[in-house]
Amino acid sequence: MTGLRSWLARRLLLGAAQTVAVVLLVFALTEALPGDAAVALAGDQPDPARIAAIREAMDLDRPAYERLLDWAAGLLHGDLGTSLVSGRPVGSYVSDGFGPTLLLAGLTLLLLVPLGVGLGVLAARHAGRRTDRAISSVALGVYAVPEFALGTLLVTAFALRLGWFPPTAVGYGTDLLAHPATLVLPVLVLLSRPVCSLTRLVRAGMIDALASPYVAQARRYGVSGVRVRYAHALPNAVAPAAQHLARTVDWLLCGVIVVEGLFVIPGLGTVLLNAVAERDMPVVQGLAVVFGLITVVLNTGADLVAHRFAPRAEVTA
Amino acid sequence: MHDDPAHRLRHPGLHRRGFLAASGAASLGALALTGCGGSPSGASGHGDGKPKRGGRLRAAFAGGGASESLDPHLGSLFADAARAKALYDKLADYDASLVARPRLASAWEPNAGLDRWKVTLREATFHDGKPVTADDVLFSYRRIADPEKTFRAKASLEPIDLKASRALDRRTVEFVLKRPTAEFPNVLAAFGAYIIPEGAGDFDDKPVGSGPFRLVSFSPGRSTVLRRNDDYWDGAPYLDRLEFIVANDESARVNSLLGGQVEYAHELSPTTARAHEKAGQIEIVRLPGSAMQAFAMKTDRPPFDDKRVREAFFLIADRKELLNGALSGAGEIGNDLFGKGYAYYADGLPQREQDLGRARKLLKQAGAEDLRVTLDTSAVAAGFTEAAGIFRDQAAKAGVTIRVRNGSKDSYWNDILDSGTLCSYRSGAMPIESHLSQRLLTGSTTNATKWQHKDFDALYQQAQSTRDDKDRAAVYERMQRRLYAEGGFLVWGFADWIIGTARTVGGVDHRAPANTLDWARFDKVWLR
C-alpha cells in the first residue's frame, strides 16, 4: 500500500499547489478587470476626488502584490481577511453562504449518482432498443438546455401554473431543509445536465465492458447475468464516471450561481457574483481558496475511487 | 399667494405649491403635477379604499448582497434608500415635482444674502425616546462631511460651512453657507443626508432613527425585518411589519410576487410589465419621470466641439422609435433637457423631431460628412444597449457611421466620464438645480459632456443669489434654452420606474419618481 500512500501524498501536494495557482490566477484576473472596488462603489457618481478618497480608505493605493502578500500572511493564521466594502470578515461571508450551497450541491450529488448510474445501466441493458433510445434522446435534449432557461421553464410550469412548489426560496432564510418543497425545483435544475452526461458515460462504459473478453469469459463459466453486470462490468464503467463526477462539482458551482440567483437562495454563488461585481478582492480570494480546496479534495477522492474500482487503469497524479 | 418673502419661507410647503400653481401660467411645467396632487403625501392614483391597519408586507429589491449595511449614510442603491427611509428621516425630501418639502425640519428661513439659513426642527423623537435636536443634525452632517470618510452625500453638503454652523437652541440650527444658495432646501433633501442621533456608530445591530419603522433583525444580503414605530411623528404606519428581501434577479422578483411570497417587487422590466399588466394577477405601478435616458456628447473634443454636429445629432434621433424599441414604450419622449415634469422645467420649447435632411446639411456645413463615431454603452441600465443599436441605425440614415462599443457595467460610469466622445447616459430624479450643479458647471465633479462655460457658471451663481422664485425661474429658463440649442445631452426619453404589487396592497403612490419622498413610502401603504 506504500505506493498508494506516496501517490496520495504527491496528489495532495499537487492539490495545494493547484489551489495557490487558482488564487493567484483569480487575483490576476480580477485585477485585470476594468475598475477597482473604489470605482465600483462610486457607481454612477464617479467623482474623481471621491474615488481617490475611497481608494485611500480601502488601501487600494498600495501596489497589488503588497496587498496580496498581506492577505496571504493573514491566511497562514487562518484569517481570510476583511471585505473591502463592508469591513466584515470574509470568514463570515463564507460561513453564512456555505450552508445553502452545500445543501444544494450535496442533495444534487446524492441524487445524481443513483439516477445517473441507474439510467445508464438501464440504457446499456437495452442498448439499441426503444428504452435506450428514449433515455438517450431525452438525455441529449435536456443536456442542451442551459440552467437558466430550464429553471424559468420549471418555475413557470410547476410553481406559477400548477402551484405545486414555491417559485423561490424567499422568506425561508437559510433553513431550507425545514421547507423541502422549496428545494425541489432548484435541485431539479442542478441535476438536469450532470444526470444526462453521467447517464451517457455509464451507458457507454457498460456497453464497452459487456462486450469485453473478460465478460464473455465470465459468461462462458456460467456466472449469472446479474453478477456479470453488477460485479464485473459496472465497476469498470464506474471508474471513468467517478472522475467525471468530481469534474461535475466544478460544474455544479456554475449551476449554483444561476440557481441561487433564480430561486433567491443566499449561498456562496451569490456571494461570489456580488464580490466580483464590487471588485471586493479579499472576498473573491477567500472564495477562490474555498472552492479550490473543495475541488482538489473531491478530485483526489474521485481518483482514489477510480483506483479502487479499476486498479489496472493508469491513475496518474 | 403671499408676497412677503419672510412669511412664505416660514411656510415652505404652502408657499411652494402656491407659487407653482400661480406661475404655471408663466409656462412652468410643474403645474399639472401639483395641480392633481392635492394631498401633501401618499396620494394614490387608484381607488384603494379605506386604509387598514395591520399585516406584514414583504418587499423584494435588487440590493448590495452580503456587503450591505444599515448605515444610512453609506447607501447608494435603491434598496439602501428604501431601508434608510423606513428607519430614518431627512430634514427635507422631494415631492413629485422635485421641490424640497419639510420633513424633520418644520420651517426654514434665509437671511437677506441667502448665505445663512435658520432651520427649525419639528417635535420628533428617535426610537430610543430621545428628542431629535439641533446637535443631532449637526453631528449627522459633520459625519457625512468628514474629510476622512467618503459618504455619498458629502458632495451635496459641500455648500455648508459646518465649522461655522451652530445650534441656536434645541430645535433651531443656523447653517452658515460658503456662498448664497437660494435652493438650500435641496441640500437638506439630498440623497443619503439622514439624521442620526449624536454619537451613533453601531448601525447594523442597533440602528436608532426617527423613522416610521424600528429594526427587528438584519441579515445582510437576505432580509431586513422592521416593525411599526407607534410614536412616529408623521403618524404611525398601517403595517405591523415590513420586510425587505434582496433578490437581484428580476425574474426572481416577479416570480416571488406571482407566487405570493412577496407583496411588493421593485424595479421590473418594461417587458414584464407588459406581460402582466392586463393579466390582473398583480398590479403594475409605473412611476413616471424617474430616469432620464440620453446620449452624452463630449463638447470639448472633435467631432462634438462643433455645435452644428451636436445639433445634427439632436435631429438624427427618432425619439419615439428609441422609446418603443429600448423601453417597450414605458415612458415618454425627451426634448434634450433634463427634468420633464419637474419644477423649473422649460416646457415652452418646441418638441424636437427627427429631420435627417437638416442633419445632413448641418454635418456638411461642419465638414463632417462620412462621420465615424464610437458610441460607448453597457448593460448597466435597462435599455442602454438596445437604444445604442437603434440610434446607430438612425444615424446611418444621415450618413453617420456609429460603432457601438460595449463596456463593463461595474466601472461604466467612471470609464465614460473622461474618455470617449459619445456614450449612453441616464440619470435618476433630482431637482434641475442639482443636475446643473453636478454635471454642467466648470467645477462639476461628474461633467460627462465637458460642458464648461464661464458665462453658464455665472448664470448658475446668479440663480442661486436670486431670492424671488419667478426671477430665478427666468434664469433657469435661459440656461435651459442654451442647453436645448447646443448642449451635450441628447435627452431622448424619460423611463417609467416599474413596480409590481400584490392586489392586496393599497396606498402605493403612482406619481412619485423613484427616490422622491412618496416612492417606497411604506409607512403610507396598507394591506387589504
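What share of residues 102-123 of chain A is helix, and how far apart do the end C-alpha atoms lie? Select that span: it is 100% helix and 0% strand, with its end C-alpha atoms 31 Å apart. Helices here are DSSP runs of H or I with at least four residues, strands are runs of E with at least two, and both are numbered from the N terminus.

Before moving on, a word on the model. This is a predicted model, in which local features need pLDDT of at least 70 and side-chain atom pairs count only at pLDDT 80 or more, while totals for chains, interfaces and linings use all residues. Residues are numbered from 1 along each chain as its sequence is written, and chains are lettered from A and ligands numbered from 1 in the order in which they are written.

**Stop 1: chain A as a whole**

Chain A has twelve helices and zero strands, and its C-alpha trace spans about 85 × 60 × 35 Å along the principal axes. Of its 317 residues, 41% count as buried, meaning that 20 or more other C-beta atoms lie within 10 Å of a residue's own; 12 or fewer makes a residue exposed, anything in between partly exposed, and C-beta atoms are placed from the backbone.

An unreviewed UniProt entry places "transmembrane region" at residues 102-123, 135-164, 176-196, 251-277 and 283-302 of chain A. Such annotations may be inferred rather than shown by experiment; the feature names are shortened and the positions follow the numbering used here.

**Stop 2: a helix pair**

Select helix 7 (residues 147-161) and helix 8 (residues 181-210) of chain A: their axes come within 10 Å and cross at roughly 145°. The axes are lines fitted to C-alpha atoms over the stretch in contact, and angles run from 0 to 180 degrees between N-to-C directions. Among the residues making the contact are A:Leu154 and A:Phe158 of helix 7 and A:Leu188 and A:Ser192 of helix 8. Two residues are in contact if their C-beta atoms, placed from the backbone, lie within 7 Å.

**Stop 3: where chain A meets chain B**

Bring chain B back. The contact takes 44 residues from chain A and 34 residues from chain B. On the side of chain A, helix 3 gives the most, with six residues.

**Stop 4**

UniProt (unreviewed entry) places "domain: Solute-binding protein family" at residues 101-431 of chain B. Select them: the span is 25% helix and 25% strand, and its end C-alpha atoms are 12 Å apart.

Centre on B:Ala294, whose contacts beyond four places in sequence include B:Tyr425, B:Leu490 and B:Trp492.

**Last stop: B:Leu459**

Go to helix 15 (residues 454-464) of chain B, where B:Leu459 sits. Is B:Leu459 buried or partly exposed? B:Leu459 is partly exposed, because 18 other C-beta atoms lie within 10 Å. Leaving aside neighbours within four places in sequence, B:Leu459 is in contact with B:Val475, B:Arg478 and B:Met479.
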